[in-house]
Structures are given as C-alpha cells and as structure tokens.
Amino acid sequence: MRWKRRTRRRFLLVWLLLVTAALLLFLRLSVAPVVQELAKARVANRASYVINEAIEEQLENGQIDYDNIVFLEKDVNGNITALKTNIAEINRLKTQILSVVDTMLLDLDINEVGLPLGSLILPEIFSGTGPKLPVKVMSISSSDADFRNIFAEAGINQTSHQIMMDVYITMTILTPVGAESVEATSAVVVAETVIVGNVPQSYVNVG
C-alpha cells in the first residue's frame, strides 16, 4: 500500500511539474511579445522625456546661448548679410548634452520604466496598476545628434530662426523575458531668435 501511495504521489508530482512547465512556456510565448513591445515603448517615451529634460537643464544653467552658436554678419547699413555657425560651440553642446542624456538613461530605475502588471492582465481595466515588472537600461549602444535650422515668418519683415537638435539613442534594455534593443529619437529646440529684416541667402558652416 505504501509503495502504491508513494508511486501515486510521485506520479502526481511529475504531472504537476509538467503542467506547470507547460503553463509557464505558454505564458512566456504568449506574453513575451507583449512585454517586449510595452517595455520598448515605455523606455523610448522615457528617453524622449530625458532628452528634453537634459536640454532644458542646459538652458537653465546658461550653457546654451543663440549668440554663441550663430554669428550675424552685417553690411555698413546694418543689414544682415550672412549667418555663420560656430562649429566649435555646436560640437561642445553635442558632447555635453549626449553625456548628460546617457548618464540619466543609465540611472533610470524600475519606478520610471517598470511595467505595471495590470497593463498585461486586462489592460482595459487595470492599465497602469499593480506591482511593476523590472525593466532596466543595461547600456547605451550608441548616441548621436544632428543640428538643423528652421526659418519661419514671425511678422512684418521679421523671421523666426530656430536651431533644432535631433537626438538619436540606441539602448539595450533588460526585461523579464530577456534583453531587447530600443531606439529613441527626439527633436528639441536648443536656441531661437527673431531676425529683423531680410533673411540672408548665405548661411555658412551649418551644423
């Protein structure tokens, strides 16, 4: 009798282990894509916020100034004849801002990018609630930035000039279902002014 009981218990234990393993495998295969997409979207959104926050911090500290980036050349009558970009200042800003962004992204914790469990289970009802599944930025694979110019009418004989910074970040994140690569981009105005008079046809050393 005892031998039969032990055999039965062992059979039940093995059966439970197999059922549990099958259930976990099913959940992994069915839930993993959702977890990956949610984690990537959440980290990308947070990265865009971090980029804006880093540039805003530089603006508040006086690290970014239009007059240090662009030189306006004028003729003897005071008319603007050319705009020139200070490439050295552009490169300094690029290096400084990307360094701040990289550091801020690597310092993100679970409270900022973790996945609420409710967003995976009945998201229509429990979205954003429940304990958070850990998501961590492991490394910054690459980070780069480009600068571009936007000119727009700002009134009679006035032109708004904006210098935009397009930031591109590629990160490796760790989610409960494995590592993923995430790309994030953001376009931010780093400097702007209003030019009075005709916009010159010459714009030298555009970053």
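Modeller: Happy to! Let me start with K94, which counts as partly exposed because its relative accessibility is 24%, in a model that is predicted. The partner of K94 is D144, and the closest N and O atoms of this salt bridge are 2.9 Å apart. The two come from distant parts of the chain, with K94 in helix α3 and D144 in strand β5 (residues 136-155), 50 residues apart. D144 has a relative accessibility of 36%, so D144 is partly exposed as well.

Strand β5 brings us to another pair. R148 forms a salt bridge with D166, and here the closest N and O atoms lie 2.6 Å apart. Because R148 sits in strand β5 and D166 in strand β6 (residues 158-175), this pair ties together parts that are 18 residues apart in sequence. The two partners fall into separate classes: R148 is partly exposed at 34% relative accessible area, whereas D166, at 12%, is buried.

Back in helix α3, there is also a pair within the helix itself. R92 and E89 form a salt bridge whose closest N and O atoms are 2.8 Å apart. They are three residues apart in helix α3 (residues 87-106), so about one helical turn separates them. R92 is partly exposed, with 31% relative accessibility, while E89 is buried at a relative accessible area of 13%. As for the total, searching the whole structure gives three salt bridges.

Conventions: Residues are numbered from 1 along each chain as its sequence is written. This is a predicted model: local features need pLDDT of at least 70, side-chain atom pairs count only at pLDDT 80 or more; totals for chains, interfaces and linings use all residues. Side-chain values use heavy atoms; hydrogens and water are left out. A salt bridge is a side-chain nitrogen of Lys or Arg within 4 Å of a carboxyl oxygen of Asp or Glu. Helices (H or I, at least four residues) and strands (E, at least two) are DSSP runs, numbered from the N terminus. Buried means under 20% relative accessible area, exposed over 50%, partly exposed in between (1.4 Å probe, protein chains only).
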